[in-house]
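User: I want to learn how to read contacts, helix packing and sheets in a model. Please walk me through one.

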Amino acid sequence: MTVASIRVAVDVGGTFTDICIFDDRSGTISVEKLPSSADPIEAVLQGVEKAGVDLHDVALFSHGTTVATNALITRRLPRAAMVTTRGFRDIIEIRRGTKEDLWDAYKDVAPPYIRRRDRIEVTERVDYDGAVLTALDEDEARRVAGVLRRKGIETIAVCFINAHANPANERRMRDILAAELPGARVSCSSEVLPEIFEHERFSTAAANAVLAPLVSGYVNRLGDRLKSSGYDGDLLILHSGGGVMTPKTVEKMAVRLAASGIAAGAIASRHIAGLAGFSNAIGLDMGGTSTDISLVADGVLRTTKEWFVEYGYPICLPSIEVLTIGAGGGSLAWLDEAGGLRNGPQSAGANPGPAAYGRGGTAPTNTDANLVLGRLGGELISGAMTLDRDAADRAIGGHVATPLGLTVPAAANAILRVANANMADAVRLISIRRGYDPREFVLVVFGGAGPLHGVDLARELSIPTVLVPPHPGITSALGCLLVDIQHDLSTMFLGRADAVDPADVAAEFEKLEEEGHRRLAAEGVAPQDMQLLRHIDMRYVGQWRSMSIATSGRLSDLGGIVEQFHAAHAREHNFRRDGAKVEVYRLNVTAIGTVPKPDLPEHAPVTASPAPTGTRPVWFQDGSAAIATPVFDRASLAAGMVIAGPAIIEQLDSTTPIPPGATAEVDAWLNLRITV
Amino acid sequence: MDTQSPASGGPGRAYSLDPVTLEVLKNSFSTIVDQMAEQILRTCHSFVMYARDFSSALCDHEGNTVMQGSADIAVHVGTLHFTAKAVIEAFGDDIGPGDVFAVNDPYLGGTHFCDVRIVRPIFAGSEIIGYSQSNGHWADIGGSVPGSFDVNAKEHFGEGLRLPPIRIVHRGRYCGDVVRMIVSNTRAPEAAEGDLHAQLEATRIAEIELLRLVAKYGRETVVTAMQEVQDYVERLTRQRVAEMPDGTWETIDFLDYDPANGEGLVPVKVRMTIAGDRIRYDLSGSAEAVATFLNGTFGSSFSGLVTGTKMFFPDLPLNSGFYRVLDVELGPPGTVVNAQWPTAVTGFCSGSYGKVVNAVFELWSHVQPQRAMACCVDIEYLLVGGRDRRTPDGDVFMWYDWMVGGWGGRNGKDGSSATSAVFGVGEAVQPLEGQERLCPVVTTEHQIATDSGGPGRFRGGCGVRKGGVLTAMRGTVMSYCCDRARSITWGIQGGLPSIPHGVWLTRAGGEPRYMGAIFSNVPVGEGDRFTRPSAGGGGLGDPLERDPAAVLEDVIDEYVSVGRARRDYGVIVREIDRELDLFEVDMEATRSERRRIRAERIGWLSEDPEGVAGRFRSGELDVLDLVRQFGVILDWGTGQLLPQTTAQYREMLQRRAVPAWLATEGGAA
C-alpha cells in the first residue's frame with residue numbers, strides 16, 4: 001500500500017462545486033469545477049471521481065460548504081423548540097427591536113428560527129452574578145419534556161437568563177431532556193456561547209438547534225460515503241472562524257458552519273499574499289452576483305463576533321469578517337428616475353444572465369460592458385460558452401448610451417466606473433474605517449470576475465500591487481487546504497484592569513486551555529501539534545465595544561496589555577485616552593491543531609518572453625480610442641515572464657486585462673503580480 | 001419658517017456634472033457618513049448612543065444637509081441643517097480651520113438638550129466647503145433628574161444645560177476649560193467627555209475623507225456635487241410627488257392631557273396639501289403647549305413631518321433636497337408643536353413628535369393606499385434611579401429603559417411586532433442581562449403582550465411587556481416619560497385601537513396600582529414590583545373581515561387570546577389539545593357572532609359612558625372592551641370616567657372606524 005499523499009479540498013457553493021486536488025509528491029494542483037447538485041454530496045463525489053482521485057490515496061479531505069447558510073436563508077429547517085426561563089420566551093422574537101431597512105415600513109425582519117408556539121417556559125432564575133434565585137422546577141421540566149415528546153420535536157435549544165454566569169440550571173434541564181427524550185439534540189446556550197447578553201446568546205443557540213440535525217446529518221453522510229470509498233482520515237469541515245473541525249465537533253457546534261462557504265476565499269487570499277511576501281492583503285472575490293471582501297493585517301485575517309446570516313439573528317461566534325456587496329459580473333446597470341446611472345445590487349443572475357449570454361437577458365450588466373470594451377473575449381471557459389457581442393451592444397445602447405447621449409464604449413466605461421467606485425467604497429469601509437490605509441495593502445483578486453476589475457479598482461484606491469492567483473475561479477477551494485483545526489473558546493471576565501488579580505486571569509485562561517486541549521485531543525490532534533493562543537478583550541470603562549488584544553506567557557501584571565490596548569485603540573479609532581480607566585471584558589483562547597499544509601510549488605524564473613495568441617481592440621479608458629491589444633494564454637505563461645500593458649491574459653476560468661501603464665510579472669507561484 | 005431656499009436649483013435644472021461622477025461622489029458622501037457612524041458605535045460611552053441614538057451628516061458650506069447616515073435615528077432627520085446653520089449664524093466670519101463647535105439648543109432647531117451636536121467646518125485651502133456633524137444623545141446633560149428627563153419640568157432650566165453654538169476646539173487647540181465646564185454640569189463627566197471624543201473623531205474622519213475627494217476630483221467638482229446631490233434628491237422627490245393626485249387631507253391626533261387643563265385630549269392637527277410637485281403641511285389649530293415636557297420645538301416638528309413623509313418614499317436619500325419639497329406652516333408660536341423658549345421640550349419624543357408622524361402616516365395612507373399604515377407605537381422611557389446597595393459606596397445607578405412595540409396594520413399585511421418606535425428604528429433595546437449587572441433591578445418578564453395588537457382585517461403588530469422587581473437599593477425614585485394611556489394607538493379604515501400605556505406598581509406586600517403614563521420622582525424601594533406594556537400597532541380594516549384562519553394562527557401562537565378572538569374578531573375558536581397546538585374555528589358560530597357584533601357595535605359607541613364605566617368597575621367589562629367596543633376612557637387606576645376625553649375618543653372612532661364598518665356591512669349583507 002502506498003502512503004496516502006493526495007489532499008482534496010471541496011468548496012460547495014450555490015452554483016458550482018469546486019474541487020482542488022493537491023499531490024504532495026509531485027507538488028501539482030489540479031482542479032475540477034462542476035454544477036452543484038440538489039444533494040450536494042452527489043456533486044462532491046462525482047467531482048472526485050471525475051478528477052480521477054482514488055480515495056485510498058487521500059491523506060486529507062477538507063470541505064467548505066454553504067449547506068448551513070442556505071438552510072438558514074431558505075428556512076428549510078427542521079422544527080425545533082426552545083425551553084426558556086419563565087417570562088422570557090420572546091427574547092428571540094423581540095430581538096433588539098431594530099429593523100435593517102429604516103424607512104421601508106413594508107419590509108420586515110424575518111421571523112425567528114423557532115416559532116412562538118414551540119418556545120416553552122419553565123420556572124427557574126439565576127442572577128447576574130450566577131446566584132440561583134429560583135432552582136429549576138424539575139416537575140415542570142419533565143412536563144415540558146413530555147410536551148416536546150408529544151409534539152415530536154427532536155432538536156431543542158435550552159436558553160436560560162444569565163446562564164453564562166451559572167450554567168447549572170441549563171445543564172439540569174439538558175439532563176432531564178436527555179433522560180426523557182433519548183436521541184433528541186439539545187443545544188444549551190451556555191455551552192454554545194457562554195457570553196453575556198440574552199438575545200445574542202439565545203439567537204446563537206437557536207441557530208445551532210435548527211442546524212444541528214441537518215448539518216450533522218450531512219457531514220456524517222458525507223463522512224460515511226468517503227469512508228466506504230476508502231478514505232481513512234477525518235473529514236475536515238471548514239468553519240466560519242477560518243479553521244476546520246471534525247464531524248464530532250459539528251455534532252455540538254453546527255452553527256459554526258453558518259459562514260463556512262465564504263471563509264475559504266479569505267483564507268486563500270491570506271496564504272497567496274503571504275507567499276508572495278505581503279502580510280497586508282485585501283481579498284476581493286467577485287462572482288456573478290456578489291463580491292466578498294476580506295482583509296488581512298500583519299498576516300492575520302480580521303474576524304468579527306457581530307454577524308448574522310439574516311438580519312436580527314446574530315451568530316456571535318468568531319467569523320472571518322467578510323463584507324459582501326451586491327456587485328458581480330451579472331449586476332445590472334440602470335438609470336434611475338432622476339437620470340442617475342446606478343449599478344446593482346439587482347443582478348441578472350445565472351438565468352437569464354447578462355445580455356451577452358443570449359439566454360433572453362436584455363438589460364446591460366458589468367459582463368456586457370467588459371465584453372463591448374474588448375476586455376472580455378467572445379468566449380468563456382475556453383470556448384465552452386460563446387458571448388453575443390451584438391446583444392451586449394444593444395443592451396448598453398438602448399438602456400444607457402442613448403438616454404445619456406454617449407457612445408456605446410463610453411457608456412460601457414461609465415457602467416464600469418460606477419461598479420468599480422461601489423466596490424472601492426466597500427473596500428474603504430472595511431479598511432479605512434478600521435484604521436487601515438489601503439495603500440499599504442496588496443489587492444488579491446479572484447472569483448470569475450475579480451481579475452477583470454482588479455487593476456482599475458487598485459488605481460481607484462491607490463493600491464500599488466494586484467495579485468491574480470493561478471486559478472482565480474477555484475481559489476476558494478484552495479483555501480480549504482490551508483487551514484488548521486481550530487476551536488474558539490471564551491469566558492466573560494469583567495473587571496477594571498487596575499483592580500484585576502493577574503492570577504485570576506491566568507487561572508481562567510488555564511481553564512479555557514484545558515478545554516481546548518480536551519477538544520483537540522478528542523479530535524486526535526497530537527500534543528506537539530497543539531497550539532493555544534490567548535486574547536483579552538478590553539475597553540475603556542463605560543465603552544460598549546471591546547477590542548481584542550493578544551497576550552502570551554506569564555501574566556504578572558496587566559500594564560503591558562493595557563498599553564497595547566491604548567495603542568490599538570489609537571490605531572483603529574484615531575484616539576486614545578490615557579487618563580481613562582480600562583476594563584477587561586472577556587478572555588478568549590484559540591485552540592489550534594496544526595494540520596500539515598501543502599507546499600505550493602515554486603517555479604524557477606525563465607528568461608523567455610511570452611508570445612501572444614492574437615490581438616483584439618480593447619477600450620481601456622474613457623474617451624480614448626480602442627487599442628490593438630495582444631492577448632496571452634495564461635497557461636503559456638511561466639515564472640519570470642513580464643507583460644507590459646496594454647495586454648489581455650485569458651484563462652479557463654477568468655480574464656485579466658492589463659491596461660496601459662500597468663505591468664504584470666509572473667511570480668514563482670505563478671501569480672500575476674501587477675504593478676498598477 | 002424657511003425650509004425652501006430653492007436658490008440652488010429647481011427640478012428643471014440640468015446637472016453640470018456627468019452622471020457617472022455624480023453617482024460616484026454621491027456614493028462617496030454616503031460612505032463618509034456611514035464611516036462616521038461606525039466610528040461612533042465603536043467608541044461611544046453613552047449606552048443611549050450605543051443603542052443608535054445618534055446621527056451623522058455632511059452639510060454644505062451654507063449648512064444644508066448633503067447626506068445623512070443610512071441608519072440614522074429618524075428623530076434627528078430634518079434637524080441637522082438647522083444646527084449647522086445656527087453655528088454659521090452665530091460665528092459668521094469667525095470660523096477658522098481647526099475649529100469645532102458644539103450645540104444642543106432645541107430652540108435653534110435642535111431636538112432636546114441630551115442631543116449634543118458637534119459641528120466641524122471643513123476647509124479646502126482657505127475656503128469652507130462644508131461641515132461635518134455628529135449628533136449624539138448623551139446619557140445625561142444635567143438638570144434636576146438623572147438622565148435629564150424631568151417629566152415635571154415646565155421650563156428648560158430644570159431640563160439640562162443649554163448650549164448655544166460654542167467653540168470647543170479653537171484653531172486646532174482643544175478647549176479643555178470649556179469642555180470641562182460642559183461635562184461638569186452632567187452626572188457622568190467622564191462618559192460625557194468620552195462621547196465628545198468619539199464625536200470629534202467622527203467629524204474628523206469626514207473631513208479627511210472629503211479632502212481626499214477634493215484631492216482626487218478637485219474642489220470645484222466636489223463642491224458642485226454637494227449641491228447637485230441635493231438637486232438630484234429634490235428632482236426625484238418632485239417627480240414622485242407630481243405623480244400623486246392633488247388635494248388636501250387633514251386629520252387630528254391627540255396627546256393624553258394637559259395637567260394645566262384637567263382631563264381632555266390635546267389636539268395636534270395636521271393638514272396636508274399636494275399641489276403639483278409640492279407638499280404643504282399646516283399644523284395650525286394644534287393646542288397650546290402643555291404643562292409637561294411633551295412639547296416640541298420647530299426642529300422636532302419639522303423632523304416629524306419629514307419622517308412621516310419619508311416613510312412613503314423609502315428609497316429616496318435624505319438631504320436638504322428632500323426638505324425643499326416640503327412647505328411647512330407650523331402655526332402660531334407657543335403651541336405644543338411650536339414651543340418657544342423656555343418651555344420644557346425634552347419629552348417631545350413621546351409627545352408631539354409621534355403625533356405628527358402618525359398623523360402624516362394616516363394622510364399618506366389616503367394618497368398611497370398601497371403603502372397604508374395605521375398608528376404605530378410611540379417611544380416611552382422608564383427611569384429608576386438611586387443608590388445601588390450592592391456596591392460598597394452605594395454608587396448611583398440609573399435603570400433607564402425603553403421598549404419596542406407594534407407598528408400599524410398595513411395594506412395586505414399585519415403590522416410589524418416588537419419593533420423599535422418610528423422615532424428611532426435603529427434604536428436597539430438593551431439586554432436585560434447587561435442591565436442587571438449595572439442596576440439592582442431584576443427583570444421578571446420581557447415578552448410579547450397577548451392581545452396588544454390593534455384588531456383589524458390586518459392586525460396591528462404586537463407590543464411587549466417588561467417589568468421587574470427592585471432589589472438592593474436606597475434613595476430611589478421612578479419616573480415615566482410616555483403618553484397614549486388615553487389617546488390610544490389607533491386603527492384606520494375600520495381597524496381598532498391597541499391597548500393603553502401605563503405603569504403598574506406593586507409595593508412590597510401590596511396590590512398593583514396604576515401609575516399612569518407620565519409621572520416623575522415617585523419614591524420606590526426594595527421589594528417593589530412593576531410592569532408596563534408597550535402599545536401594539538392600530539389595526540387596518542374591519543376586524544370582522546379578518547380571515548378566521550389568520551385569527552386561528554394568532555391564537556395558537558398566543559398573539560391573540562381565545563376570548564379576544566371572539567370579542568374583537570367574532571371568531572369562535574375551540575381548543576382541542578393546546579399542548580399539540582390543536583384548535584379549530586367553529587365557522588357556524590363565527591358567522592353568527594360576527595352578525596351579532598355587526599348589528600350592535602355602532603350602538604355601543606353611544607351607550608351611556610357612566611353605565612359602561614360602572615360595568616367596568618363591577619368587573620363585567622375589561623379595559624379592552626372599553627377602548628375597542630364602547631369607546632370609553634377612564635382613569636385606569638380609579639375607574640373614574642373621563643367624560644371630555646371619552647367624547648373626543650368616540651369622535652375619533654366615528655371618524656376612523658365607523659365609515660369603513662358601514663361600507664363592509666353593505667358588502668357583507
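Analyst: Start with the interface: 58 residues of chain A are in contact with 67 residues of chain B. Contact means that C-beta atoms, placed from the backbone, lie within 7 Å. This is a predicted model: local features need pLDDT of at least 70, side-chain atom pairs count only at pLDDT 80 or more, and totals for chains, interfaces and linings use all residues. Residues are numbered from 1 along each chain as its sequence is written, while chains are lettered from A and ligands numbered from 1 in the order in which they are written.

User: Which element gives the most to the side of chain A that touches chain B?

Analyst: Helix 12 of chain A, with eight residues. Helix 12 spans 408–431. Other elements that give two or more residues include helix 4 (138–151) and helix 7 (198–228) of chain A. Helices (H or I, at least four residues) and strands (E, at least two) are DSSP runs, numbered from the N terminus. By residue class, this side of chain A has 24 nonpolar, 12 polar and 22 charged. Ala, Val, Leu, Ile, Met, Phe, Trp, Tyr, Cys and Pro count as nonpolar, Asp, Glu, Lys and Arg as charged, and the others, Gly among them, as polar.

User: How do I describe two packed helices?

Analyst: Give the angle between their axes and the distance between the axes. Here, helix 4 of chain A packs on helix 5 (residues 168–180) of chain A at about 45 degrees, with the axes 9 Å apart. Axes are lines fitted to C-alpha atoms, for helices over the stretch in contact, and angles run from 0 to 180 degrees between N-to-C directions.

User: What does that angle make helix 4 and helix 5 of chain A to each other?

Analyst: They are therefore oblique. Angles under 35 degrees count as roughly parallel, over 145 as roughly antiparallel, 65 to 115 as roughly perpendicular and the rest as oblique. Among the residues of helix 4 that meet helix 5 of chain A are A141(A) and A145(A). The helix 5 side includes M173(A) and L177(A).

User: Now a sheet. What is the strand order in chain B?

Analyst: The order is 8-9-10-11, in an open, mixed sheet of four strands. Strands pair if DSSP finds at least two bridges between them. Strand 8 (247–255) and strand 11 (326–329) of chain B each have a single partner strand, so one side of each is left without a neighbour in the sheet. The twist averages 20 degrees from one strand to the next.

User: How many bridges join strand 10 to strand 11 of chain B?

Analyst: Four, and the two strands run parallel. R280(B) has D327(B) as its bridge partner.

Methods:
Two residues are in contact if their C-beta atoms, placed from the backbone, lie within 7 Å.
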